[in-house]
Each structure stands twice: as C-alpha cells, then as structure tokens.
Amino acid sequence: MKCSQVRRILDTLSSPELGVEHSGLSEHIQACSSCAAEYERWAKMVAVLHSAPPVVAPEGLAQDILQLAAQEDLSTGQSGKAQWALWPKLGLAGGLAAIAVIVSLSIYPQLIPQQPRTDRFTFRASFPNASSVSLVGDFNKWNTQHHALARREDGAWEISVAIAPGSYQYMFLVDGEKWCADPVNPVQIPDGFGGYNSGLQL
Amino acid sequence: MSSDSSTFRELVHTYTDYVYNLAYRNLGNADDARDVTQEVFLKLYRNMGKLDAGKSIKNWICTIAINASRDYYRTHRRHRGAFSLDEGLIAARNQGHPDNKLLVEKMLSTLDGKYRTVVVLFYLEQKSIAEIASMLKRPQVLVKVWLHRARKILMKNFAEEIS
C-alpha cells in the first residue's frame, strides 16, 4: 500500500468498531514511521472523545419535569379535572367554594391578603430547621429560583407575592430538595403522582 | 396513583441525567438542554401507553432525545462556533479527566447538526453504526460517511491540541 492510500483511510482504523479492514494496512503502519505517527494522532483523538464524562443535569430538573407533567394532566383534564373544572361551572356551589376559601384565608395564617381586594399575598410557613425555603407554583412556572422566602425573627418563613386573580397550585421547596405542600392549607390538589399540591383560588 | 404515573416518576428519576447529557452534547448549551429534556419527558408522558415492555426503554428514550435535540437545533439554529466559558464551567464541574473535559466541549462545538449527533452517539455514547442508522432513519453507509467527515473536521481543528 502507498502512504497516500493509507492516509485516506487511517481515521477509520482508529475506530475498530467501524469494522473496516484493509489488507496490508497494519503492515504498512508498522513499517512506516510517518504513517504510524499520523495513526497515533487519530487514535489519541478517539481516546479523547471516549474519555468525555457525562454531563449531569442541573439540580431540581427531575422535579420540574414531574410538576410539568402534573400540570399537563390538569390542563388536558386527565386526572385533576374535577378539582379545577368544576369551580366555574357550578354557579352557587362555586360561589360557596370561593367563600370557603376566603374563610380559610382568615383562619389559616399561610394565606393572608395584606390588602383585601388586591392581588398581593403573603405566604407564610413554619420550617424551623430549614436553611432555605422557596415558593414554587404554576404562577411562577414552577421555577424553584424565583420566590425565596425570608426567615423572620420568630423562625417562620415568609414572602409577599403579587398574583393576578385565578386558580393556582403551589408547594414549598425546603433546602432545595424537599417538596412540601403547605401544611395548614386545607385545599389540596392531587399532583398526578400520588402526592398533593396546595391549591389557591384568588 | 395510576401505574403509568408511577412508572413515569421512576423513568424521570432514572433517565433525567441521561437525557440531559444527550441534549447538552448535541446542543452545547445548558438552557437548550434543559428545554429539550423537559420536552422529551413530556413526549414520553403523553406516550406512556405505547411503552413496549419487550424493547429497551433506554434506546427508546435515546431515540426521542436525539430527535428532539435535532428538531430543536433546526428550529433554533444558532452559530455555535464560539465556545462559551459558562458552558466550559458546567463541563468542569462534572467528573472526568480535567483537561479532556474542556477539550471535548470545544471539539463538539466545531461540529454542526448531523456531524455532532453521530460523533456524540458513536464515540461518547458508544452506539453501533446500525443503532445510529436506525435512530436517525438513515442508511448505515451514510452514517459512516458523516462520521468520516466529522473526524476530518475535528482533526483539522484540533491536531495540535491532541498531539
């Protein structure tokens, strides 16, 4: 074999998985130092590619995906249909449900309207051993970074958020890994995976 | 809880890193990879009923991830010659040989579309030519030609850094 012929196919030799075999190629490389050096370069390049470690997904991505799928269930009416779809349809019952939520807001300290008839709400939760707490819900597209609660002197966590009127679901993310429904909000919506999100109707 | 939901939750926990890695290697951008990963699992979720117990779920997920990445690339075609430091840092936080991590990132960033995809599948994921051809729905001989061209591009640009 001539060097020019060898050079044209040297790269395939560096990847034996390709199953390419040419008679005389190996012999030529053993005899020709120039082609051997060239082959060495190809082999090194393949070794570099093989050495690439897998890239790890950012923290929280798996949980974000589960939440997105649960949301899709609700929007397509697969599993959470009953909870949200009935409210606007039931007229009087819907009104009563709304009143029930308003009453629950006054009873349960988690959802306190700072100024009635505005869309700004304070979410408050007690997680005494937490080092960080985030409010995550469909109003912030389940973004875990968007609404970090601040720790108060009495140990409770709190955040005031502007939200347009509507029906919402939310959870607290504690220490960046533990998902908790609001422990004292009685409105619970199945998340489609055996757990519950907290519900909020404004 | 339905069995589909339970299976889906398990798949998400098992394969999120795998899908993200494929998308990141194909697109070279963390935000794009995140978008594609979410899209892949939503597709999977909508098609849970089509899961075939007799076939490899991993291969099925790989095929969806590769095709979603390619669709994303076509829709959001970008200039990807430039190597971003941020992406280098993302690679650097992962395990492996410290010098090669950045070098592989740079090498892939010089390849476009199909060339990048076949290099990722053949060298990084160690798929066979037959598997790649089946995933991309292209003849095996064409996959080999793409690989050959991709290798030439890489050697042209990185001969000095490699040797």
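In this predicted model, 46 residues of chain B and 36 residues of chain A come together in the contact between the two chains. Put together, chain B and chain A bury about 3,900 Å², and carbon and sulfur atoms account for 67% of that area. On the chain B side, the residues that lose the most area to chain A are Y123(B), R151(B) and M155(B), which together make up 15% of what that side buries.

Polar links can be counted as well. Between chain B and chain A there is one salt bridge, and it joins D64(A) to R34(B), with the closest N and O atoms 2.5 Å apart. Four residue pairs, both members at pLDDT 80 or more, are in polar contact between the chains. Which elements of chain B give two or more residues to the side that touches chain A? They are α1 (3–27), α2 (30–46), α5 (98–109), α6 (113–124) and α8. Of these, α1(B) provides the largest share, eleven residues.

Helix α8 of chain B, one of the elements on that side, deserves a look of its own. It runs over residues 140–162 and has 23 residues, yet its end C-alpha atoms are only 28 Å apart, whereas a straight helix at 1.5 Å a residue would reach 33 Å. Where does α8(B) bend? The bend lies at K156(B) and amounts to about 50°. Several residues of α8(B) are buried, among them V143(B), W146(B), L147(B), A150(B), L154(B), F158(B) and I162(B). R151(B) and M155(B) are buried too, and both belong to the trio that loses the most area to chain A.

Technical notes
Residues are numbered from 1 along each chain as its sequence is written. Chains are lettered from A and ligands numbered from 1 in the order in which they are written. This is a predicted model: local features need pLDDT of at least 70, side-chain atom pairs count only at pLDDT 80 or more; totals for chains, interfaces and linings use all residues. Side-chain values use heavy atoms; hydrogens and water are left out. Helices (H or I, at least four residues) and strands (E, at least two) are DSSP runs, numbered from the N terminus. The expected span of a helix is 1.5 Å times one less than its number of residues. The bend at a residue is the angle between axes fitted to the seven residues ending there and the seven starting there. Buried means under 20% relative accessible area, exposed over 50%, partly exposed in between (1.4 Å probe, protein chains only). Contact means heavy atoms within 4.5 Å. Buried area is the accessible area (1.4 Å probe) that two parts lose on being put together, summed over both. A salt bridge is a side-chain nitrogen of Lys or Arg within 4 Å of a carboxyl oxygen of Asp or Glu. A polar contact is a pair of N or O atoms within 3.5 Å; within protein, one must be able to donate a hydrogen and the other to accept it, and residues adjacent in sequence count only if both atoms are side-chain atoms.
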